[in-house]
Amino acid sequence: RHFFLSLAGVLIGFGVLMVHSASITSWPTEFEQVYLVRHVRFLVIGVAAGTLAGCLPARVWFKAAPWLFVGTLVLLGALLVPGVGTEVNGARRWLRFGGFSMQPSELAKITLPLFLARTAIFARERIRHWFFGTIPFIVPAGVTVGLVLLEPDLGTSVFLIGAAGLVLFFGGWPIRNFVLGIAAAGAGAGYLVTTHSYRLRRISDFVSVWTDFDHSDAWQLRQSLITLGSGRFWGVGLGRGTQKLSFLPESNTDFVFAVVGEELGLAGTAGLALLWCGIFWSGVRLFRHYRTDSFASVVALTLLTQLVGQALLNAAVVTALVPTTGIPHPLVSYGGSSLVVSVVSLGIVVSLSRADAKADRSVLS
């Protein structure tokens, strides 16, 4: 557990360093410090909430799962109320209270797995049934994803579907159901992409980067690849990157991984990848004595896989291996709700690992 927390601390500290470096502009002003101050402010909130989450008994998460899930649905619904949700660039994803803002869809990355894992425990005897082992999971996941799609936020919606799939996989859902579910999700995603021009543009831009790089309209992806390539193996030096100086859009948020590549080179990006591998490996080892379909194990493995999967997806976007999704790099990108939720997720993993393995089988499952 100490090794797991140590690696998490190193990653969080590295994130603060990179947010500060990636926020530097070509015309230095005091405004650059605003990003760092806000990031640290959210980090303090996240560490406080994560510490509290880590100190809570594991059974608290089992009992509170339905209430946390309902609360998230209420917040997601509130976004759609005129005058309540804040609209930015055509998307209504934020709730703002004074100088504080939050994305309820980020909370769903925790509350949906908790609720589905709890449901899986009660449905363990019938989870392989084609109807009674499917409806109790499809309905809450469908409602959550539907509300997120109305924001609209396709990237997070797909991510939440993946989180639900992880819970079901670790909970023992039949493979045949996954085949049907993936087919249905793929058809739905295809429909949503083809019915919105800006989503089609992301696909075409992604393709053009690989087919005609010099004349591609995908400015962000082009600059991302240029940024990564300019770092070579050892990088140009921390804080000395030039692509972040108004060339690379969102350099301190969704594309901070590219700044890591430029300033620290392949060694830096590989080191970051190894750090994530270490967190996942040490986190999984905390539950090696638990029953694989227990509440603690299912939730912890889902949250860990989510974090590592999000980091992998972000790196794939930055390296133009997948179309742009708008998913930040957890714990490293300039943070708000995503940073807080990521730290709390680590706290929940620690909390669940403190439960006695035998007690977990009887009390939590």
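Is K244 buried or exposed? I found K244 buried, at a relative accessible area of 3%. A reminder to myself before going on: this is a predicted model.

**Entry: the partner of K244**

I looked up what K244 pairs with, and the side chain of E263 meets it in a salt bridge, 2.5 Å from N to O. E263 sits in helix α10 (residues 256–285), while K244 belongs to the loop between α9 (219–231) and α10, so this pair ties together parts that are 19 residues apart in sequence. E263 is buried as well, and I noted its relative accessible area as 0%.

**Entry: the other salt bridges**

How many salt bridges does the count come to? I got 3 salt bridges. In general, side chains of opposite charge can pair when their charged atoms come close.

One of them joins E106 and K109, with the closest N and O atoms 3.2 Å apart. I placed both residues in helix α4, 3 residues apart, which is about one turn of the helix. Both E106 and K109 are buried.

R291 and D293 form another, their side chains meeting at 2.5 Å, N to O. R291 has 33% relative accessibility, so R291 counts as partly exposed. D293 has 18%, and the cut-off for buried is under 20%, so D293 counts as buried.

**Entry: the cavity**

Rolling a probe the size of a water molecule over the atoms shows where empty space is left. I counted 1 cavity of 30 Å³ or more, and the largest cavity has a volume of about 80 Å³.

Which residues line the largest cavity? I was pleased to meet E106 and K109 again in its lining, which also includes F159, L303, Q306, S338 and V341. The elements giving two or more residues to this lining are α4, α11 (295–318) and α12. By type, I sorted the lining residues into 5 nonpolar, 5 polar and 2 charged.

**Entry: the second largest pocket**

I then turned to the second largest pocket, which holds about 420 Å³ of space. Its lining has 24 residues, and the closest to the pocket centre are L107, I110, V340, V341 and V344.

Helix α3 gives the largest share, 6 residues. The lining divides into 17 nonpolar, 7 polar and no charged residues.

**Entry: helix α12**

Since α12 kept turning up, I looked up the helix itself. It covers residues 337–353, 17 residues in total, and spans 24 Å from the first C-alpha to the last, close to the 24 Å expected at 1.5 Å a residue. How many residues of α12 are buried? I found 17 of the 17 buried, so α12 is largely enclosed by the rest of the structure.

The largest nonpolar core here has 86 residues, and F295, I348 and L352 touch the most other members. Helix α11 contributes the largest share of this core, 12 residues.

Conventions
Residues are numbered from 1 along each chain as its sequence is written. This is a predicted model: local features need pLDDT of at least 70, side-chain atom pairs count only at pLDDT 80 or more; totals for chains, interfaces and linings use all residues. Side-chain values use heavy atoms; hydrogens and water are left out. Helices (H or I, at least four residues) and strands (E, at least two) are DSSP runs, numbered from the N terminus. The expected span of a helix is 1.5 Å times one less than its number of residues. Buried means under 20% relative accessible area, exposed over 50%, partly exposed in between (1.4 Å probe, protein chains only). On a 1 Å grid over the protein atoms alone, a cavity is a set of points where a 1.4 Å probe fits but cannot get out, and a pocket is an open set with protein on both sides within 12 Å along at least five of seven lines; lining residues have an atom within 4 Å of a point. Grid points are joined across faces, edges and corners, and a volume is the space filled by probe spheres set on the points. Ala, Val, Leu, Ile, Met, Phe, Trp, Tyr, Cys and Pro count as nonpolar, Asp, Glu, Lys and Arg as charged, and the others, Gly among them, as polar. A salt bridge is a side-chain nitrogen of Lys or Arg within 4 Å of a carboxyl oxygen of Asp or Glu. A nonpolar core is a set of buried Ala, Val, Leu, Ile, Met, Phe, Trp, Tyr and Cys residues joined through side-chain atoms within 4.5 Å.
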